[in-house]
Amino acid sequence: MNAVLNPTEAWTDVCAIDDIVPNTGVCALVNDTAVAVFRVGADAFYAIDNIDPKNGANVLSRGLVGSLGDRVVVASPLYKHHLDLRTGECLESADWSVRAHKVRVEQGRVLVSLA
């Protein structure tokens, strides 16, 4: 997923594309925020808050990536609720939704913006 560039947004270089195995996630610290960055397939990247809203643990980057219908999701490794990687919406309870963040790929690097 490549974001539309806005010169006022702050982008943080997280890692090289190849540092994320397809269909998995990694955790990165972006401006003091724990962010889960996922690679889905060969070239789709998503970022959401890494903190599981049900208990506050920094674990979402370790969840299982998959799909439910047309939604690309990660299942929380603790409680198995599903979070939409595009929007951060929790499919089981809106109260457990997280923020989604912008991701872009540039020169083989994955960058994240919290804006």
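I count a salt bridge when a side-chain nitrogen of Lys or Arg is within 4 Å of a carboxyl oxygen of Asp or Glu. Asp 49 sits in strand β4 (residues 44-49) and Arg 99 in the loop between β7 and β8, so the pair ties together parts 50 residues apart in sequence. Strands here are DSSP runs (E, at least two residues), and helices are H or I runs of at least four, numbered from the N terminus.

The model is predicted: local features need pLDDT of at least 70, side-chain atom pairs count only at pLDDT 80 or more, and totals for chains, interfaces and linings use all residues. Residues are numbered from 1 along each chain as its sequence is written, and side-chain values use heavy atoms, with hydrogens and water left out.

I then checked burial, where buried means under 20% relative accessible area, exposed over 50%, and partly exposed in between (1.4 Å probe, protein chains only). Asp 49 is buried at 12%, while Arg 99 is partly exposed at 44%.

Salt bridges, continued. I note 7 in the structure. One of them joins Asp 84 to Arg 71, with the closest N and O atoms 3.4 Å apart. Asp 84 is in strand β7 and Arg 71 in strand β6 (residues 71-75), 13 residues apart. Asp 84 is buried at 5%; Arg 71 is partly exposed at 26%. Glu 89 is linked with Arg 71 and Asp 84 in a network of salt bridges.

Arg 39 pairs with Asp 18 in another salt bridge, the closest N and O atoms being 3.9 Å apart. Arg 39 is buried at 9%, but Asp 18 is exposed at 67%.

Cysteines. How many disulfides does the structure hold? I found 0, taking a disulfide as a pair of cysteine sulfur atoms within 2.5 Å. The closest cysteine sulfur to that of Cys 15 is in Cys 27, 11 Å away, which is too far for a bond. For Cys 90 the nearest cysteine sulfur is also that of Cys 27, at 19 Å. Cys 15 is buried at 9%, and Cys 90 is buried at 3%.

Tryptophans. I placed Trp 96 in the loop between β7 (82-84) and β8 (100-106), partly exposed at 24%. Leaving out residues up to four places away in sequence, Trp 96 touches Pro 53, Lys 54, His 81, Leu 83 and Cys 90; contact means heavy atoms within 4.5 Å.
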